[in-house]
Every structure is written in structure tokens, then in C-alpha cells.
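Student: I have a structure open and want to learn how to read it. Can we go through it feature by feature?
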Amino acid sequence: MHPLLARPARLLGVVILAALFGVPLAWVLHVLTPRPWPAALLFAVPMQVAFAFIALSAWWVCRRHSVLEGISGRAVSAQLVAALQASAIWAAIGAPWSVLLVRTVPGYDLSRLDILRDLGVILLAGVPLYLLSAVAHYLYLSIEASHAAQRRVLETEVTAREAELRALRAQLNPHFLFNSLNSINALVGTDPEGARRMCEGLGDFLRRTLALGARDSVTLGEELALVERYLGIEQVRFGDRLRVERAVDPQATACQVPPLLLQPLVENAIKHGIQDLLEGGAVRIEARVEGAQLRVVVENPVDPEAPSRRGEGVGLANVRRRLEVFGARDAHLSSVLAGEKFRVTLLLPAIAGAGGTRD
Amino acid sequence: MTEPMRVVLVDDEAPARSLLREYLAAHPDVQVVAECANGFEAVKRIGEQAPDLVFLDIQMPKLDGFEVLELLEPAPAVIFCTAYDEYALQAFEVHAVDYLLKPFGRERLADALERARERRALAAARVAGPAAVAGTPSAGELANAARGPGRYAERIVVRDGAQVHVIPVERIEYVEAQDDYVAIHEQGGAAAKSHLKHQPLAELAESLDPARFVRVHRSYLLNVERIARIELLAKDQRVAVLADGRQLPVSRSGHDRLKELLG
């Protein structure tokens, strides 16, 4: 639907503007074929209003033949053809209108030749008037397109910020904090030195999380160091139930990765694996470079009797979202449940970092 | 009070248990009779000890705190201890004495203990036995209420003497009413296991997703995924044939329910 036809107020504006265009047309007709002014206006004003609706058809032609990426010969010829059609239709309306006026309005006396001359003027005026309308429509469309582009830019920015916030909030899982504080509370009575160590570990973990989260890219080594702090805290809670196996290729630790990806994967492994098992189990962390790819694997045993998880859970979804935020298009995150093991594999392009000192 | 208050501590994290033990040492009328690191142990030890009070964690392997309660009859007085505040409403539904959010301090624990003492004194004054209290909801009803409307059980817990079975609902083939019990038949052909649980069929049906389990007969609740076909034996007499060939009677209203669900 044409934007001007969509609202009655705008439509009224179109009619009034068109009626005003009728005045110069009436003047031209009056000069060429002298006649009383009211008679000239009586013919010209309704004709211009009718033409306004014909000229609005430029909207569909303009949308079909966009000039946003430059003016093409095709667009020009399409518009010229449309202009000729518009003026022909206009003249076709003008003929019966003129005849009707001659027959019904007293004092509206025009010869057949005069009517033909009027229609000639109409035919000639129709082309530039239509083209004017086409130019106006092109202007409108380009303004609209630039607004839409601006809106899109803003929208992507907002989505990216939201995702970032969500990811950061998820990073600092409140239950992890509450449980850690409870463990510290317990240690204060029985093992004050252990309580101190845990306070220090928790503080270190939080500080590192915030520092890494503020950067665009970190090394896998830095991510692994954060994971070690995290595991140190969880070890106090889970004791012997939590065991960790590491198979990390030194070459892999120098690779650049988006920050805060690894720790959520390890947290997931504990939350949905170790925590469900009476005897606990081993979380396995692997990282190695394979050709141009960095492969990071986090694997954990699962309780086969635990209710099957639907979808991939909040933790993995957050990691996926972080990958999107950081525009890691070549990244690939997959998870598989094989037997009693749950394995998450993260593939990233292996890009060696400058040792992670950049900030 | 002359009789000491006998308590059981249930938490899968050792530091959390040691904290409770330390706090409780300040209360001479409290005696810790058992410590359990998981739900299975809890069901067993609480059943043996019949304690006056249980400190119960919610998130635990195998059986969560609510499932532990469901398996215990009569249900003991409970103080929940958890880092999650979203279960507070459920805890209220199962008549918990109190709900402690980790981390908590000595004073908060002392308050909770005081409530437990009051409740115990009240119960002692009400000379009648626990079973005589009219209108006391069953553990299953409590569990249904605790789960909240629109949410259904993902697994069924059954106690068989000292053993506890956890049956994921997708493994259930059908459930059969047998007097005051239900027989829960697991999938698995000839070697299929079945478990007896003391619960009315209607109550169990209420805890399961009506889009997956249909009451095809007064005595049968059927997993719709396991139906191979419905056969008409005579006028208004139908049977549901399961994937393994077993046949279950389908009543007229059961057939209506099936039609409504399967279209």
C-alpha cells in the first residue's frame, strides 16, 4: 500500500496540493484558449486531483526500479514509459470530462478544436508532472532506506550489548557464589587457613573474570588459568567427587580466543555431570592445535538415570551467544552424549596471540 | 525438654555438613544421629533412625530433597538448606519447618531450631498418633502440590524395602492399579521390571503429563508412545495393543480421552 494512501489525513493533503496545481494548469489553458477563469478552473482542478492519483502509481514503479545503487538505463526507460502511460490515461480521462462540461455547464463553450488543444496540453504536461512525482518518490524511498539502515545498525548494537550483559551475568552464577560463601563459612570454624585460601581464590577468580570479560580477545592460556581458579574453589565443595584430567598442548595455550568461553563449559560439566553422580567423576579438559584449527574439548561423565536434558541447556546457549557477540563466524560448538559421557567440542581458527599482554 | 532432639543432616557437600554440625554443637538438646551425602542414604538412614528433624539439601545427586521426602512415610520434620531461593514456595507446600538460604549464620539456624522445638512440643501435646490427624495430605499429594500447576514429574521414585528405584517417566510403559498400590511397568520386553508403589492411581496420574500418559481404563494409565494400535473386539469393547504385543483394556471414556489426544 502506498504510504500516502494509508492515512486519511495524508490523503487529504494530497488532494489539496493537487488542487493547487490546478491553478497554473488553468492559467496555461486560459492563455492558449481564452475562456472565463471559473470555466478554466472547473476543468483544471478536478483534472489535477485525478492526476495526483495517477502519479502516485510512481511508488510501485520506483520500488521496482530502485536507484539506491545508482541510476540504471532500465530504471530511466521504465519511468519514461510509465510517464507516457500516465499522461495518456490522463488525457483519456480529460476527453469525457471536457465533453461533459460543455454539455452540462451553461457558459462553458468550447469548440471541438479547443477541446483537442486542451487535451494536447494535458498530454504534454502529464510527462513532466509524472516525472516530478517519480523524483519525489525516489527521494522518499532513499530517506526511508537510510532510516531503516540506521535502525538496523542500532538494533544490532542493542542485541550485541544485551547478549554481552546476559553472558556476563551468567558468568557470575549467583548459586556458585552462595555455595562458595557457605563453604568459606564452614571452613572458618574447622580450617581457618583453608578459609583464607578460599577467600583469596574466590577474589582472584572474580577479578580475573572481570578483567578477561573486559577484553575482546584473550589467550587460551589465560582462559585455562581462570578455569584452574574456578576448579580450586569447586574442589573444596566437592572434595574427592571432583577429579580433573588435563591434556593441553602448549602450542594451544598461545591461541587467541574470545574471553570467558572455557569456564562456563567446565561449570556446565560439574553442574550437569559431577553433581548428579554419587561418586562424582573426572572432568576432562583437552586443547590442541590441529592444522589451522584450535580444538578444545570438555568431557564429563553423566548419570544415565538422570532425566534427559532437553536442548543443550543454559550454559551452552550462553557460550554460543558469546561466540556470536564476538563475531566468531568460523567458530563451531557441538555437543554429544556418547554412552555415559557428555562431550562439548569447540573449534576455533588457531590464531597465535602476542602472549596475551594486549589490553 | 528432657528427650534430646535427634537430627539427621543431608547434604552432598562435606563443608556444608560440617558447618551444620559445628553450629548444632552449641545446642545441647540437639543430637546428630546421622550424616548423609546423598538422597539414597538419606532415605535409608531417616527410615532407620526416625529422627525428630532433618536438615535437607535440595540439589543432590540421584534423588533431590523433595523426592527424599516423598519416599518417607511418615514425613519427618524438615528444615531445607539450599543456595537456591526458587524452591521456597515448594518447601512451604511440603510443610517445611524452615528454609535456610546458604550462606546462613548461627542466629538464623537458632531461629529455625526454635521453630522446630515449638512444632515438636505442639505435636507431643496433640496426644493423637500421627496417622490420626484427619485430612493430612499424603506425600504424593504434597509432591504434586509442590511441583506446581502445569509442571509434571520427569521421574518416579519408588521405595522397595531398603532399595530406592528412580524411573524416568519415558521408560514407563503403563501403570496398573492394584488395590492401594500401583504397579509401574517399565519398558524392556520380557525382562521388563515392574515396581509397586503405595499410591492411588489417580494421584500418580495427576503428577504425569496428560499429553504423554492417558487413563485408558479405571485401572490402567498408559504411555501413549507405546501404543501400537487400538483394536475393536466387540461393540464398545476395545483393547490397546502395545509395541510388544501386550493388550490392555480400553474403557469407553478411556477411548474418548485417547481420541481427544491423538485426534
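Tutor: Start with helix axes. An axis is a line fitted to C-alpha atoms, for helices over the stretch in contact, and angles run from 0 to 180 degrees between N-to-C directions. Keep in mind that this is a predicted model.

Student: At what angle do α10(A) and α11(A) pack, and how far apart are their axes?

Tutor: The angle between α10(A) and α11 (residues 313–325) of chain A is about 170°. Their axes are 9 Å apart. Angles over 145 degrees count as roughly antiparallel. So α10(A) is roughly antiparallel to α11(A).

Student: Which residues in α10(A) and α11(A) meet?

Tutor: From α10(A) come Pro264(A), Leu265(A), Glu267(A), Asn268(A) and His272(A). They meet Gly313(A), Gly315(A), Leu316(A), Asn318(A) and Val319(A) of α11(A). By class, the contact has four nonpolar, five polar and one charged residues.

Student: Which strands of chain A does α10(A) lie across?

Tutor: α10(A) lies across β2, β4 (281–290), β5 and β7 of chain A. Relative to β5(A), the helix runs at about 20°.

Student: What is the strand order of the open sheet in chain A?

Tutor: The order is β2-β4-β5-β7-β6 in chain A, an open sheet of five strands with mixed pairing. At the edges are β2 (242–248) and β6 (332–338) of chain A, each pairing on one side only. Neighbouring strands in this sheet are turned by 15° against each other on average, direction ignored.

Student: In which sense do β5 and β7 of chain A pair, parallel or antiparallel?

Tutor: Antiparallel, over nine bridges. The strands are β5 (residues 293–301) and β7 (residues 341–349) of chain A. For one position to check, take Asn300(A): its bridge partner in β7(A) is Phe342(A).

Student: What about chain A overall: how many helices and strands are there?

Tutor: Chain A has 11 helices and seven strands. Of its 359 residues, 31% are buried. Now look at sequence separation. Take the contacts in chain A between residues at least 6 apart in sequence: 76% of them join residues at least 24 apart.

Student: Now the backbone. What should I expect of phi and of peptide bonds?

Tutor: Most residues other than glycine have a negative phi, and most peptide bonds are trans. Look for the exceptions. Leu260(A) has a positive phi, near 60°. Its place is the loop between β3 (256–257) and α10 (262–272) of chain A. In chain B, Asp179(B) has a positive phi of about 55°. Asp179(B) sits in the loop between β8 (172–178) and β9 (181–186) of chain B. Ala50(B), which follows α2(B), has a positive phi near 45°.

Student: Is Leu260(A) buried or exposed? And Asp179(B), buried or exposed?

Tutor: Count C-beta neighbours. The cut-offs are 20 or more within 10 Å for buried, and 12 or fewer for exposed. Leu260(A) has 24 such neighbours, so it counts as buried. Asp179(B) has 7, so it is exposed.

Student: Where are the cis peptide bonds in chain B?

Tutor: One runs from Glu73(B) to Pro74(B), with omega near 0°. Pro74(B) is in the loop between α3 (65–70) and β4 (78–82) of chain B. Another runs from Lys102(B) to Pro103(B), with omega near -5°. Pro103(B) lies in the loop between β5 (98–101) and α5 (106–125) of chain B.

Student: Which side chains of β10(B) point to which face?

Tutor: They alternate along β10 (residues 194–198) of chain B. His195(B) and Lys197(B) point to one face and are buried. β9(B) runs antiparallel to β10(B), joined by five bridges. His185(B) stands opposite Ser194(B).

Student: Which residues of α2(B) are buried?

Tutor: In α2 (residues 39–49) of chain B they are Gly39(B), Phe40(B), Glu41(B), Ala42(B), Val43(B) and Ile46(B). Their cover includes β1 (5–10), β2 (30–36), β3 (53–57), α3, β6 (155–160) and β7 of chain B.

Student: Last, how many residues does each chain give to the contact?

Tutor: Chain B gives 18 residues and chain A gives 22. On the chain B side, α1 (14–24) and β7 (163–168) are the elements that give two or more residues. The largest share, six residues, comes from α1(B). By class, this side of chain B has 10 nonpolar, two polar and six charged residues.

Note on methods:
Residues are numbered from 1 along each chain as its sequence is written. Chains are lettered from A and ligands numbered from 1 in the order in which they are written. This is a predicted model: local features need pLDDT of at least 70, side-chain atom pairs count only at pLDDT 80 or more; totals for chains, interfaces and linings use all residues. Two residues are in contact if their C-beta atoms, placed from the backbone, lie within 7 Å. Helices (H or I, at least four residues) and strands (E, at least two) are DSSP runs, numbered from the N terminus. Ala, Val, Leu, Ile, Met, Phe, Trp, Tyr, Cys and Pro count as nonpolar, Asp, Glu, Lys and Arg as charged, and the others, Gly among them, as polar. Two strands pair if DSSP finds at least two bridges between them. Angles under 35 degrees count as roughly parallel, over 145 as roughly antiparallel, 65 to 115 as roughly perpendicular and the rest as oblique.
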